[in-house]
Amino acid sequence: MAEKMAMAKAINESLRRALDADPKVLIMGEDVGKLGGVFRVTDGLQKDFGEGRVIDTPLAESGIVGTAIGLALRGYRPVVEIQFDGFVFPAYDQIVTQLAKMHARSLGKVKLPVVVRIPYGGGIGAVEHHSESPEALFAHVAGLKVVSPSNASDAYWMMQQAIQSDDPVIYFEPKRRYWDKAEVDPEAIPAPLHKARVVREGTDLTLAAYGPMVKLCQEVAAAAADEGKHLEVLDLRSVSPLDFDAIQASVEKTRRLVVVHEAPVFFGSGAEIAARITERCFYHLEAPVLRVGGYHAPYPPARLEEEYLPDLDRVLDAVDRSLAY
């Protein structure tokens, strides 16, 4: 039976289901056990499944991921938490040089079914290193799957699919959406992990986003509708691989595309989307593909983050510029 729950609760329930279904599933990270995580995403799991399966680790991200790789080599399916986005970089070497490469290095003989959970993005008034959006750094690395849900239902099912994957998955959780609620049906048939979804139909322009920016794009589409503009909103859900077929199908209908993400526009995922869609849809486009995102600057102090993050006005401005062509 479907139940309305917050995204953080949905991830908790998904982890609980995975732990219950497979004794080889383990959870590791800083404060994930007794505390239940700083956002309480793993709350109650150590109490119910024990310290041998929900493991509080030292403050050592490289060690956390390195240990998970070793466990995966021995047949386990570790789910590791990086407490905040900006803390992942000590583990970047393990992720890029070992986790992403082992399958190819072993000519397909070795699989590393590791999920790396990373709460990411801004909007919570945090201090430095707590509001980054580094997804493009991981999407650039062959051998990694990179996904980001935008709602509680996807958060539940995409976690299930990530844990079941034999390939390593970097699972970016939009922390500003942890408390947003949606219906979650644990008996539903989920969409494929890397399949984009149209969440609002439109004919005049496509807004493509993932994670925290999908809700903003829906708000933009609602505001534009008051002015007689019919925008389509496409939830990409996966950053690597990207569902270019879904983006192309939408753009062939609307003939315009604006890509929105929190990460800096410079060398962001929107750049790859813009280049590829320009190649695929050159004769359909009536305007250049536009991008809205963060600035090419360090993430600012909390009092200034609303100036840094994409908002309704900045996205509407891009929409107006596209429609003006």
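This is a predicted model: local features need pLDDT of at least 70, side-chain atom pairs count only at pLDDT 80 or more; totals for chains, interfaces and linings use all residues.
**Helices α1 and α7**

- Helix α1 covers residues 7–21 and helix α7 covers residues 152–164; their axes come within 8 Å and cross at roughly 30°.
- Angles under 35 degrees count as roughly parallel, and α1 and α7 are therefore roughly parallel to each other.
- The crossing of these two helices, α1 and α7, is right-handed.
- On the α1 side, the contact is made by Met 7, Ala 10, Ile 11, Glu 13, Ser 14, Leu 15, Arg 17 and Ala 18.
- On the α7 side, the contact uses Ala 152, Ala 155, Tyr 156, Trp 157, Met 159, Gln 160 and Ile 163.

- Side chains of opposite charge can pair when their charged atoms come close.
- Arg 77 and Asp 166 form a salt bridge, with 2.6 Å between the closest N and O atoms.
- This pair links distant parts of the chain, 89 residues apart: Arg 77 sits in strand β4 (residues 77–81), and Asp 166 in the loop between α7 and β7.
- Arg 77 counts as buried because its relative accessibility is 19%, and the cut-off for buried is under 20%.
- Asp 166, at 33% relative accessibility, counts as partly exposed.
- Lys 175 and Asp 85 form another salt bridge, their closest N and O atoms being 2.5 Å apart.
- Here too the pair links distant parts of the chain, 90 residues apart: Lys 175 is in the loop between β7 and β8, while Asp 85 is in the loop between β4 and α4.
- Lys 175 counts as buried, at 0% relative accessibility, and Asp 85 counts as buried at 0% as well.

- The side chains of Glu 272 and Arg 276 meet in a salt bridge, at 2.8 Å from N to O.
- Both Glu 272 and Arg 276 belong to helix α10 (residues 269–280), where they lie four residues apart, about one turn of the helix.
- Glu 272 counts as partly exposed at 37% relative accessibility, and Arg 276 counts as partly exposed at 30%.

**A salt-bridge network**

- Arg 16, Lys 47 and Asp 48 are linked with one another in a network of salt bridges.

How values were computed
Residues are numbered from 1 along each chain as its sequence is written. Side-chain values use heavy atoms; hydrogens and water are left out. Axes are lines fitted to C-alpha atoms, for helices over the stretch in contact, and angles run from 0 to 180 degrees between N-to-C directions. Angles under 35 degrees count as roughly parallel, over 145 as roughly antiparallel, 65 to 115 as roughly perpendicular and the rest as oblique. A crossing is left-handed if the near helix is turned anticlockwise from the far one by less than a right angle, and right-handed if clockwise. Contact means heavy atoms within 4.5 Å. A salt bridge is a side-chain nitrogen of Lys or Arg within 4 Å of a carboxyl oxygen of Asp or Glu. Buried means under 20% relative accessible area, exposed over 50%, partly exposed in between (1.4 Å probe, protein chains only).
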